[in-house]
Amino acid sequence: MKLEKFNEVDNYMKLLRKKIARFYKQLILLKYYSKKIDFTSKQKKRKIVICFDGNLPHGGLVDRLKGIISLYEISKILDFEFKIFFTHPFELTNFLEPNAIDWIIDEKELKYNVLNSKIVYLINDFKITPLKIFEKSKAKTFFVYCNVDYLAKLYPTKNEQEIKFIWKNNYDHLFKTSNYLQEKLNILSSESRIAFHTRFATLMGDFSDSTKMILNEKEKLDLTQKVMKAINDKANQYPDKVAYVFSDSNFFLNHVRTTTNYKTLEGVPKHIENNNSDADYHSKTFLDFYYLAGSELVFLVTIDQMYYSSFSKYAAIIGDSEFNTIIN
């Protein structure tokens, strides 16, 4: 009984801390938008603006794309105007430009009316049913912070393939590659290929992340050998295919480059949350994403403490590629 009581109290305290943290973030956003108060706007159509402005952590590239695709689908369902304000740590238009619709909004257009504007914070909120928020509110403009893929919640009766179709269709409708990104992609080989993706987070000591664990040297080597064995076993099933390896760990990529015949893309992996506005600094993230998307087969390798990343899964969706996981 004492243990049950302890667990009950512990769970309550965790929930309370989450609520306090969420309330604090709401205050940060309210302070930000209080500087943009404007009562003169005579907006006719209701509007969703999804924001990546650096006021709060937003997550990696695919996390941000999940939020964009989700909110775009909601805007279509409700016939709202849809805009993307993506300025941190770089301008999204450095890499992706509007395709079928103009989603660009300038900062001077971010006008907050206390009577008909609403801030919606959905970062890492996996339990909520987001459509209800917009249906119940009488606000005309919604400033949304979101990094979650809600398509399955929006369409609970659709199967995985149908959800993927919507995701890809939305992505293609919203985005086309910028000249800057396309020129870099054009330099890369167009050879037919399979791809292996690994996400180590902090395990190899390359950088700091939301996780904290760093392996010692023996553990790094042991994990590297396990991963390479998994890659070798699968690659041997496709002897006629060129194989590329992708990773967030430069430690692991250097091992691949110096000890195997597998191919990698040049450059050092960077995390999108790093506060650097230089496009070249972040270009590898987009090159990896699009080169994965252009692969015939995409494999996510996740072993032991490795992070189960969705980066390669969503790359495969936009590329219409076959995606599989290798889990040991």
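In this predicted model, helix H2 (residues 61-78) and helix H5 (residues 160-174) have axes that come within 10 Å and cross at roughly 90°. Angles of 65 to 115 degrees count as roughly perpendicular, and H2 and H5 are therefore roughly perpendicular to each other. On the H2 side, the residues that meet H5 are Leu65, Lys66, Ile68, Ile69, Tyr72, Glu73 and Lys76, while H5 contributes Ile166, Trp167, Asn169, Asn170, Tyr171, His173 and Leu174. By residue class, this contact of H2 with H5 divides into eight nonpolar, three polar and three charged residues.

Helix H2 also packs against helix H9 (residues 279-293), with axes that come within 11 Å and cross at roughly 70°, which makes H2 roughly perpendicular to H9. Here Leu61, Val62 and Leu65 of H2 make the contact with Thr285, Phe286 and Phe289 of H9. The residues of the contact of H2 with H9 divide into five nonpolar, one polar and no charged. The table sets out the geometry of these helix pairs.

| Helix pair | Axes come within | Crossing angle |
|---|---|---|
| H2 and H5 | 10 Å | roughly 90° |
| H2 and H9 | 11 Å | roughly 70° |

Which residues have the most contacts inside the largest nonpolar core? That core has 62 residues, and the ones with the most contacts inside it are Phe134, Tyr171, Phe175 and Phe289. Tyr171, when its neighbours within four places in sequence are left aside, is in contact with Leu65, Ile69, Leu96, Phe289, Tyr290 and Ile318.

Turning to the strands, S7 (residues 193-198) is mostly covered, since six of its six residues are buried. Both faces of S7 are covered, with Arg193, Ala195 and His197 buried on one side and Ile194, Phe196 and Thr198 buried on the other. Strand S7 runs parallel to strand S8 (residues 242-247), to which six bridges join it, and within this pairing His197 has Phe246 of S8 as its bridge partner. S7 pairs with strand S9 (residues 297-302) as well, in the parallel sense and over five bridges; in that case the bridge partner of Phe196 is Phe299 in S9.

Technical notes. Residues numbered from 1 in each chain as written. Predicted model: local features only at pLDDT ≥ 70, side-chain atom pairs only at ≥ 80, totals over all residues. Heavy atoms only, no water. Axes fitted to C-alpha atoms, helices over the stretch in contact; angles between N-to-C directions. Helix = DSSP H or I, 4+ residues; strand = E, 2+ residues; numbered from the N terminus. Parallel < 35°, antiparallel > 145°, perpendicular 65-115°, else oblique. Contact = heavy atoms within 4.5 Å. Nonpolar A, V, L, I, M, F, W, Y, C, P; charged D, E, K, R; others polar. Core = buried A, V, L, I, M, F, W, Y, C linked by side-chain atoms within 4.5 Å. Buried < 20%, exposed > 50% of the residue type's maximum accessible area, 1.4 Å probe, protein only. Pairing = 2+ DSSP bridges.
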